[in-house]
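Q: I am new to this structure and would like to learn how to read its features one at a time. Could we go through them together, with the general idea before each case?

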Amino acid sequence: MKLPSTKPPVQLVIFDMAGTTVADEHEVEACFAQAAAETGLTVSAERILAMQGMGKRHVFDLLWREQLAHPTADTTRYVERSYQRFTEVLEDHYRNNPVHPTDGCLETFAFLHLLKIPIALTTGFYRSVTNIILGQLGWLDDLNERFEGTEESVIQLSVTSDEVEEGRPRPFMIQKAMQHFGVTDTQAVINIGDTPSDLLSGQAAGIWYNLGLTNGTHTRQQLEPYPHYHLLNSLTELPEFIRSI
């Protein structure tokens, strides 16, 4: 594996999970749609897709407010019913179906390991289902009780949306990862994801190398309008991108 002739100015790479590092054939959207339909929430597939990557409890709250046509309505019981059903459907799916890394993911991780650049995963999922997915992949094994790894671990940190004040598109998961590794320069961080909320979160955190991935849940055309430094066709292109900066 060819390495850059000099150490690149990257101190941390932050990856999204579903659609970016974890293969997703729109399963999450299907689980969300099932939970919505079973709990009386009407929402189109296009609307669900547009909100991918965001914390799901927050999404249910937004959608119920829209359906009730009352922005100040108390949506708690509606949201909790939908969200609870979603967690049941989603966890059942990931427990009973194979989980695979995306194209180029493991090779890219290996490249970053050689450069000793830490890998952080952020996700709109909550901790319980995140651990099911990480466990299926074998990425949970070397993490401690705070979901921190070592240089030898597949990943060095996992951050979920229920572990910060708010999930995407707010910047808090990115900021938590940066704080953990002591990285203060936003131009020394790569943030990469396959949804608009990933890119909006990167922008909110001030990340210079804010990258979109076009072979996940969103196409290049769908991601193009959102703030980004560059769009990649797959993670196989990330090592070359790092060599070039």
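Predicted model: local features only at pLDDT ≥ 70, side-chain atom pairs only at ≥ 80, totals over all residues.

Q: How many salt bridges does the structure hold, and which residue pairs with Glu66?

A: Side chains of opposite charge can pair when their charged atoms come close. The structure holds 14 salt bridges, and in one of them Glu66 is paired with Arg47, the closest N and O atoms being 2.3 Å apart. Glu66 belongs to helix H3 (residues 56–68) and Arg47 to helix H2 (residues 45–50), so this pair ties together parts that are 19 residues apart in sequence. Glu66 counts as partly exposed at 45% relative accessibility, and Arg47 is partly exposed at 30%.

Q: Where do Glu240 and Arg243 lie?

A: Both lie in helix H10 (residues 238–244), three residues apart, which is about one turn of the helix, and they form a salt bridge whose closest N and O atoms are 3.0 Å apart.

Q: How many disulfides does a search of the whole structure find?

A: A disulfide is a covalent bond between the sulfur atoms of two cysteines. The search of the whole structure finds zero disulfides; as for individual cysteines, Cys31 counts as buried at 6% relative accessibility, and Cys105 is buried at 0%.

Note on methods:
Residues numbered from 1 in each chain as written. Heavy atoms only, no water. Disulfide = S-S within 2.5 Å. Buried < 20%, exposed > 50% of the residue type's maximum accessible area, 1.4 Å probe, protein only. Salt bridge = Lys/Arg side-chain N within 4 Å of Asp/Glu carboxyl O. Helix = DSSP H or I, 4+ residues; strand = E, 2+ residues; numbered from the N terminus.
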